[in-house]
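Here are some notes to read with the structure open beside you.

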2 protein chains.
Amino acid sequence: MTTNTAPPSEALSRLAALLGTAGCMTGDQIPAACRSDASMTGQQGPVALLRPASVEEVSQALAICSAAGLCIVPQGGMTGLAGAANPGKGQVALSMARFHGVEALDATAGTITLRAGTILQQAQQQAEAAGALFPIDLGARGSCQIGGLIATNAGGLRVLRYGTTRDNLLGLEVVLADGTVLSHLNEAVKDNTGLDLKQVILGSEGTLAVVTRAVFRLAPQPAPIHSAICALPSPEAAPDLLRRAREALPLQAFETMWPSYLTLVEGLEQTRLFDETPGLAVLIEAECPLENFLETAFEDGLIVDALLAQSLAEAQTFWALREGHRIDAALPGLMNFDVSLPIGEMAAYVAETTAAIGNIDAGAAVHFFGHMADGNLHAVLHAPGADAAGLHGMEAAIYGGIRARGGAISAEHGIGTLKRDWLEHSRSADEIALMRRIKAAFDPGGLLNPGKVF
Amino acid sequence: MTTNTAPPSEALSRLAALLGTAGCMTGDQIPAACRSDASMTGQQGPVALLRPASVEEVSQALAICSAAGLCIVPQGGMTGLAGAANPGKGQVALSMARFHGVEALDATAGTITLRAGTILQQAQQQAEAAGALFPIDLGARGSCQIGGLIATNAGGLRVLRYGTTRDNLLGLEVVLADGTVLSHLNEAVKDNTGLDLKQVILGSEGTLAVVTRAVFRLAPQPAPIHSAICALPSPEAAPDLLRRAREALPLQAFETMWPSYLTLVEGLEQTRLFDETPGLAVLIEAECPLENFLETAFEDGLIVDALLAQSLAEAQTFWALREGHRIDAALPGLMNFDVSLPIGEMAAYVAETTAAIGNIDAGAAVHFFGHMADGNLHAVLHAPGADAAGLHGMEAAIYGGIRARGGAISAEHGIGTLKRDWLEHSRSADEIALMRRIKAAFDPGGLLNPGKVF
């Protein structure tokens, strides 16, 4: 870390000289999209937006910021939901959008080396063209970036089969706040040479280092996928159904929709799956036909009905319900939650939390869905008439039930700013103190994404 | 960290009072087994061996040691091969052997909570009794401990199918050097609540914290396993065979044996697989019959012969060759290596390194084998006539070829003391400096396993 502090205006001149007009924007040049992530909670625009086009430019830009004491907020595709990429007053935003593309792809070894600004969907397409599968997939695939996947340890739709971002990241290159480049673009699955630094960077939400390049493992393309939506008599039947599905099927997805969520998205998508809204709807996908499995589950009373997708288009209508892309527009001001908890606790948690929200605000509604096999529930809370105190009380109801059951307040979206005040519901004061000491080991000046996470 | 330093003798008295005679041994009471791990490179016995029987005892013992400035060397089953658990002069060894057993097992959720001193085989047996599979397996299963698996991020024989220890660890409880207990016995697959502290503890070889309890995920028991040993025309055919096997089979193992290794273990086990020693032997296991796959591979020239195991006993004879338990006794003074490198580089690396060793010492022999699918090669080097300088030259030949190919000097055994001087072949000076800052964030007094790894 450099100790001689230059004034910000001189630093901005040096950044402009380093990065050029395409790489350093100020004032009205800065696009609105870099003020807030998808949580739409950003307050201030950044003092400058940096868009470096090489690792060297990232390193030199960070060294200039560091010397001037400028705080840096790394940004990916701005699809986050926790406020982690939102710049505060006087801070510099650092977008990796200009440093994108596939640097290497080895189909035999099953590895791909990507620049941080690569859009997820582009990585998926390049892998597919080489006869392989990029193992991560999210609803935001068309705009989220590889660097953001790493900074948030993204989960998404294929965790059950392929794991989270962590499980698929082999090598990583980052730049520290002072401009030091740490390049460990390892391609091997196993590497026990000292502390595995990338593991603590994964999910650190831009507080430790800026991701520049990464090596991921590729998976073989799966066999043809069979999809079905099952109607369960109650949420309590789901853990047994999941266990059987894990044992009997090469399972790819086990996604749940609670009744109020299903009714909401059926209305938005103008469709209706079952004559009677089931106690729980589960979207199952596997690399084999599902008929026999569903028949046995029906005979044993674990499901009361099921719809098998007869085409790829029909499977996509199932996923449109589960992904619920129209919800944001339909419920302005909604709050997103993504908690994790033991699978056996989910049914009771949803029932209790729904009741608690109703007791706080009769005009509020909370809709649950998500990746049950990963122990992950999503929720959208819509409380149009609530004031700040009311919303806080509802957050407390949602997180309090998680704490009591030993779950986590964020399974995949991260902490950012929106959950920072709730972090102690999941982590002890001693753990948070250790996180701060690790932060100082990476970034002694506290310049990278200050005020986020802890 | 406590700053008032009490003299060691007073600290030893307090430790004896805390832990009792079964929990605190000194002098001749200390068993020889705690002087060295399986590398047999230990020089000094510890000044005391602590054997706490609860998390509270670990915490209080560490607080006493910390206050007295005593260095602590955590020990598991002492099956490591890098010297990481070997105590130096005046240091205290901390064994977790008395804190063992299964605390919880939830077959529906697929989780098991274990104490650090639990022997791996006991965890496997308990999981099997509950109808599930504990996903980690190593040759040392009968004596290695859960805490050691975590401290070394152990790999082993099932990484291809189930991943390393890291991929299966859900929650972790550790005690810091000053006695602070960090308990995060999370059971969910996904948890993005701040920095994931356990990830940097995994593989830290006792330098950051003492593991006390852990939550692992269980896997469903696999379908019946089919085993075969294939004879390949050359090592160069292996990457293609592996890629095909990954695509066509629910693959469980893909273990390689180079000709000199195969000849060595065939002699020790008094068996002979093929009339002519093949260019490479590969042990393949899958959850389906192998006949069709092997037939196609034979027709396409990827294999020249294959032996299908006709019984579990026959499969075990295959594994006896691959595990090579008789090698240690047959080649006294051997050195173990476990490097990782890109799969496509392995054939050339083995050929060049074997030639280089021969050039240095005509009386030396190096035998390669290992987990090709994980990018992991093992080697045993036997150079009975070599002096220290000669051995150093051979190590340089082995590690130099790895560095040139972008591999890692340890895929799973870790760094310990034996590879510490070679760490810069895999990690940059900036990375090692950051590791030291992270070490200080966990253990500011530098009391936990000093002198190991970095």
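Is R244(B) buried, partly exposed or exposed? At 31% relative accessibility, R244(B) counts as partly exposed; here buried means under 20% relative accessible area, exposed over 50%, and partly exposed in between (1.4 Å probe, protein chains only).

Before the points, a word on the ground rules. This is a predicted model, in which local features need pLDDT of at least 70 and side-chain atom pairs count only at pLDDT 80 or more, while totals for chains, interfaces and linings use all residues. Residues are numbered from 1 along each chain as its sequence is written, chains are lettered from A and ligands numbered from 1 in the order in which they are written, and side-chain values use heavy atoms, with hydrogens and water left out.

1. Let us stay with R244(B) for a moment. R244(B) forms a salt bridge with D300(B), the closest N and O atoms being 2.8 Å apart; the term stands for a side-chain nitrogen of Lys or Arg within 4 Å of a carboxyl oxygen of Asp or Glu. The pair links distant parts of the chain, 56 residues apart: R244(B) is in helix α8 (residues 238-248) of chain B, and D300(B) is in the loop between α10 (291-299) and β15 (305-308). Helices (H or I, at least four residues) and strands (E, at least two) are DSSP runs, numbered from the N terminus. D300(B) is partly exposed too, with a relative accessible area of 44%.

2. How do the two copies relate? Chain A can be laid on chain B with an RMSD of 0.0 Å by a turn of 180 degrees and a shift of 0.0 Å along the axis. The two copies are thus related as by a two-fold rotation axis. The superposition is by least squares on the C-alpha atoms of residues with pLDDT of at least 70 in both. The same surface serves both copies, as 99% of the contact residues of chain A recur in chain B.

3. Now for the interface itself. Contact (heavy atoms within 4.5 Å) brings together 70 residues of chain A and 70 residues of chain B. The area buried between the chains is about 5500 Å², and carbon and sulfur atoms give 59% of it. Buried area is the accessible area (1.4 Å probe) that two parts lose on being put together, summed over both. On the chain A side, K190(A), N192(A) and L195(A) supply 17% of the area that chain A buries against chain B, more than any other three residues.

4. What polar links cross between the chains? The count is 6 salt bridges, and 24 residue pairs are in polar contact, both at pLDDT 80 or more. A polar contact is a pair of N or O atoms within 3.5 Å; within protein, one must be able to donate a hydrogen and the other to accept it, and residues adjacent in sequence count only if both atoms are side-chain atoms. Of the side of chain A that touches chain B, the largest share, 8 residues, comes from α15(A).

5. One cross-chain pair deserves a look on screen. The side chains of E412(B) and K190(A) meet in a salt bridge (2.7 Å, N to O). E412(B) lies in the loop between α14 (388-404) and α15 (429-442) of chain B and K190(A) in the loop between β9 and α7 of chain A, so the pair joins two chains. Both partners are buried: E412(B) has a relative accessible area of 10%, and K190(A) has 2%.

6. At 2% relative accessibility, S204(B) counts as buried. The S204(B) side chain reaches the backbone oxygen of I201(B) at 2.7 Å. Leaving aside neighbours within four places in sequence, S204(B) is in contact with L195(A), A151(B) and V453(B).

7. At 4% relative accessibility, A373(A) counts as buried. A373(A) and R161(A) are 212 residues apart in sequence and 9.9 Å apart in space, C-alpha to C-alpha. Beyond its neighbours within four places in sequence, A373(A) is in contact with residues including L160(A), F254(A) and V189(B).
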